[in-house]
Amino acid sequence: MSTGTRPVLARFARCIPRVAVAAVAALALTACGGGTDNADAGSTSSASAGAGANSAAFPVTVEHKYGSTTIEEEPKKVVTLGLSDQDAVLALGIKPVGAVDWFKERPYGKWPWTKDKWGSDLPEIVGERDDYNIEKIAALKPDLVIAQYSGMKKEQYDTLSKITKVVAQPKGHADYAAPWQVMTRQIGKALGRETETEKLISDIDARFEAVRNKHPEWAESTLAVADSFEAGKYAAFTKTDPKAIFFNELGFELHPEIDKLAEPGWNVAELSAEKLNVLDVDHLVWVTSSTEADDRIKAEPLYRKLKVHQDKRDLFVPYQDPDIGAAFSFNTVLSIPYAIDEIEPLLTVIK
């Protein structure tokens, strides 16, 4: 990723990583019309055939990082290039025909919050992270390409805009740093489903509010989210990372020192063992890939000196199996309910 995290930490900024892999590794043109509103419109006759009730919402114009895109008719074939964009598209009743892969995980249909929605109709893999296969995308003949939680470059946007309509990252936010509500609204508008989108968002907001009301004490507690990708090297996530955002919306106060330690433009602060004291907060959540990683962190002499560890206020959460860490790493309208259900009981036992 170009921004948000260093290559070796790329797993952390996306919504669904695998530490073991991240430690080693560091994601014929059709005349469908241009991506920007001042480009020539192409043929969209196939999209208009059998248009559903949402067709009345069109045309719509969506502003984004690289300008604005006008979508004249309801998209039928959608490709998602953001690392978690497929969740919001699925939640709105559309199965993307193409999506990007992350670290060769091929998670589509795997996660419990999307498994039923994908069914057997899995998407074509059209790239890995921000490395897109333009030929594969073109071959799918999409009506719309969505890239919200992404690091899409201007040249990639320009190339794809010659193929189809493209809605790039939200403007006004760094790559991988837009709130999930903003990205969901961008997707909902592009799909002509703004009413359904607002209902999805309000339902999730209500879930967070219910938890905050149930645990008002969390508002008085500082929390940090961290991981360790190899011995002696640690990572703490800033307030713009989806994982940190999730716990903030549960009611916890994020530790501001972590943001100060992160380099400009990155949503993770790299920590040596000597800097682990920044994690001495009221609640510390580790997202790890294995029990071996847990044991390695707990065995670190400088970590053992932290009061948060000595008082047993640190929580080690698996990234997958069960998929708790993956759920709040995604932090989407589909994964958040699952994440809340799984993490609330674990946090409740921490005093």
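A residue is called buried here when its relative accessible area is under 20%, exposed when that area is over 50% and partly exposed in between, with a 1.4 Å probe and protein chains only. The model is predicted, so that local features need pLDDT of at least 70 and side-chain atom pairs count only at pLDDT 80 or more, while totals for chains, interfaces and linings use all residues. Residues are numbered from 1 along each chain as its sequence is written, and side-chain values use heavy atoms, with hydrogens and water left out.

The structure holds 15 aromatic pairs, where rings of Phe, Tyr and Trp (its six-membered ring) pair if their centres lie within 6.5 Å, and planes under 30 degrees apart count as stacked, over 60 as edge-to-face and the rest as tilted.

W286 and F316, by contrast, are stacked, with 6.0 Å centre to centre and 10 degrees between the planes. Because W286 lies in strand 13 (residues 283-288) and F316 in strand 14 (residues 314-318), the pair ties together parts that are 30 residues apart in sequence. Both W286 and F316 are buried.

Ring pairs also link W111, W113, Y319, F330 and Y338 into a cluster.

How values were computed. Helices (H or I, at least four residues) and strands (E, at least two) are DSSP runs, numbered from the N terminus.
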